[in-house]
Structures are given as structure tokens and as C-alpha cells.
Amino acid sequence: MKTFSRKVLDVVKKIPRGEVLSYKEVARLAGNEKASRAVGNILNKNYDPGIPCHRVIRSDGSVGGYNRGKKEKERLLKIENRT
DNA sequence: CGTATGACGTGCA
DNA sequence: GTGCACGCCATAC
């Protein structure tokens with residue numbers, strides 16, 4: 001998958017613990033800042049172990065969503081951000 | 001190729 | 001601060 005999705009996953013994969021990037025940021029790093037929507041779409045359909053997709057939130061600060069429940073996402077963010 | 005979908009973003013009421 | 005509409009993009013069918 002050497003496409004936009006691949007880059008998105010790659011970027012998200014590089015997000016350090018305690019750090020969170022907005023879909024827009026990820027999209028920009030992936031090559032298209034306007035593809036924020038596509039980013040979420042890709043993460044949603046392509047959840048892979050090693051991809052801390054829970055570290056990707058909306059630009060307005062909202063957790064957005066999560067395959068396993070945004071509640072879990074918030075928890076993970078809290079834990080990683082807490083330390 | 002055209003249509004439909006979606007973890008988004010921004011603007012406006 | 002909240003809710004709604006429009007725009008933008010990648011992927012699936």
C-alpha cells in the first residue's frame with residue numbers, strides 16, 4: 001500500500017508517547033493537509049497493532065472517535081499524557 | 001468513472 | 001459553547 005494511507009499509518013506510528021497529532025496535522029505530514037477526512041477514514045478501516053491511532057485527535061481538541069470506543073481512547077490519552 | 005461513506009475542518013447562527 | 005451546513009479527500013462498490 002504505497003499510498004496516502006500508508007503514509008498516514010507511518011506518521012501515526014511515529015507519534016511519541018504522550019504526544020497527540022490532529023487529523024489535519026497527520027494529513028499534512030502524509031502530504032495532504034486537506035485530507036483530514038481521509039485520514040480518519042483510513043485509520044478506521046486500517047487499524048493495525050503498533051499504530052497508536054488513539055493519539056490522533058481532532059484539531060479542536062475533541063478525541064474524535066475510536067474503533068474500540070472513544071472512552072478507551074480518552075483513557076489511553078490520559079494515561080500516556082499523565083506520566 | 002460516478003456514487004456513497006466517514007475517527008475531519010472551518011464558518012456561521 | 002453548541003449545532004448545522006458546506007467543503008475536501010481517500011477508499012469501497
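Colleague: Which helix gives the most to the surface near DNA strand B, and with how many residues?
Modeller: This is a predicted model, in which local features need pLDDT of at least 70, side-chain atom pairs count only at pLDDT 80 or more, and totals for chains, interfaces and linings use all residues. Residues are numbered from 1 along each chain as its sequence is written, chains are lettered from A and ligands numbered from 1 in written order, and side-chain values use heavy atoms, without hydrogens and water. Helices are DSSP runs of H or I, at least four residues long, numbered from the N terminus; α2 (23-30) and α3 (36-45) each supply at least two residues of this surface. The most comes from α3, with 7 residues.

Colleague: How do the residues of that surface divide by type?
Modeller: A residue is near the strand if one of its heavy atoms lies within 4 Å of it. There are 17 such residues, and Tyr23, Lys24, Arg37, Asn41 and Asn44 come nearest. Ala, Val, Leu, Ile, Met, Phe, Trp, Tyr, Cys and Pro count as nonpolar, Asp, Glu, Lys and Arg as charged, and the others, Gly among them, as polar. The division is 5 nonpolar, 7 polar and 5 charged.

Colleague: Is serine 5 buried or exposed?
Modeller: Serine 5 sits in helix α1 (residues 4-13). Buried means under 20% relative accessible area and exposed over 50%, with partly exposed in between (1.4 Å probe, protein chains only). At 9%, serine 5 is therefore buried.
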